[in-house]
Amino acid sequence: MSVLIRDRFTCQMVGCGRIEPDTSQLVADHKIQHHGDEALFWDENNLQCLCKGCHDKLKQKEERAQARW
């Protein structure tokens, strides 16, 4: 919740910027995949607010593309 408040309930995905007061439609997303690293998992500087649409579509697509390399 602190990440959503810090980011003012606004999606941080470039080109989106959606303000969403319904927190069930927001995700505290890891900027850098943590791969089990607890310090990176809990690091609030590694978290950003994304709307569910951007997280479930765009961010997941980016992560799948990175996994192929």
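Me: Which residues make up the largest nonpolar core?
Reply: Happy to walk through it, keeping in mind that this is a predicted model. In general, nonpolar side chains of soluble globular proteins tend to be buried together. Here the largest nonpolar core has eight residues in all: Leu4, Cys11, Met13, Leu26, Cys49, Leu50, Cys51 and Cys54.

Me: And which strand gives the most to this core?
Reply: Good follow-up! The strand in question covers residues 47-51 and supplies three residues to the core. That makes the answer strand E2.

Me: What is Cys49 in contact with, once its neighbours within four places in sequence are left aside?
Reply: Cys49 is itself one of the residues of the largest nonpolar core. With those sequence neighbours set aside, the contacts of Cys49 are Val3, Leu4, Asp7, Phe9, Thr10, Cys11, Gln12, Leu26 and Val27.

Me: How far apart are the closest N and O atoms in the salt bridge of Asp7 with Arg6, and is Asp7 buried or exposed?
Reply: Asp7 has a relative accessible area of 13%, so Asp7 is buried. Between Asp7 and Arg6, the closest N and O atoms of the salt bridge are 2.9 Å apart.

Me: Which residue forms a salt bridge with Glu20?
Reply: Glu20 counts as buried, because its relative accessibility is 9% and the cut-off for buried is under 20%. The closest N and O atoms of the pair are 2.5 Å apart, and the partner is Arg18.

Me: Why are Asp56 and Lys52 separated by about one helical turn?
Reply: Asp56 and Lys52 form a salt bridge whose closest N and O atoms are 2.8 Å apart. Asp56 is partly exposed at 39% relative accessible area, and Lys52 is partly exposed at 34%. They are about one helical turn apart because both lie in helix H3 (residues 52-67), with a spacing of four residues.

Me: How many salt bridges does the structure hold?
Reply: Asp7 pairs with Arg6, Glu20 with Arg18, and Asp56 with Lys52. The total for the structure is three.

Me: Which backbone oxygen does the side chain of His30 reach?
Reply: His30 sits in strand E1 (residues 26-30) and is buried, with a relative accessible area of 15%. Beyond its neighbours within four places in sequence, His30 is in contact with Leu40, Phe41, Asn46, Leu47, Lys59 and Glu63. At 3.0 Å, the His30 side chain reaches the backbone oxygen of Phe41.

Technical notes:
Residues numbered from 1 in each chain as written. Predicted model: local features only at pLDDT ≥ 70, side-chain atom pairs only at ≥ 80, totals over all residues. Heavy atoms only, no water. Core = buried A, V, L, I, M, F, W, Y, C linked by side-chain atoms within 4.5 Å. Buried < 20%, exposed > 50% of the residue type's maximum accessible area, 1.4 Å probe, protein only. Helix = DSSP H or I, 4+ residues; strand = E, 2+ residues; numbered from the N terminus. Contact = heavy atoms within 4.5 Å. Salt bridge = Lys/Arg side-chain N within 4 Å of Asp/Glu carboxyl O. Polar contact = N/O pair within 3.5 Å; in protein donor to acceptor, adjacent residues only side chain to side chain.
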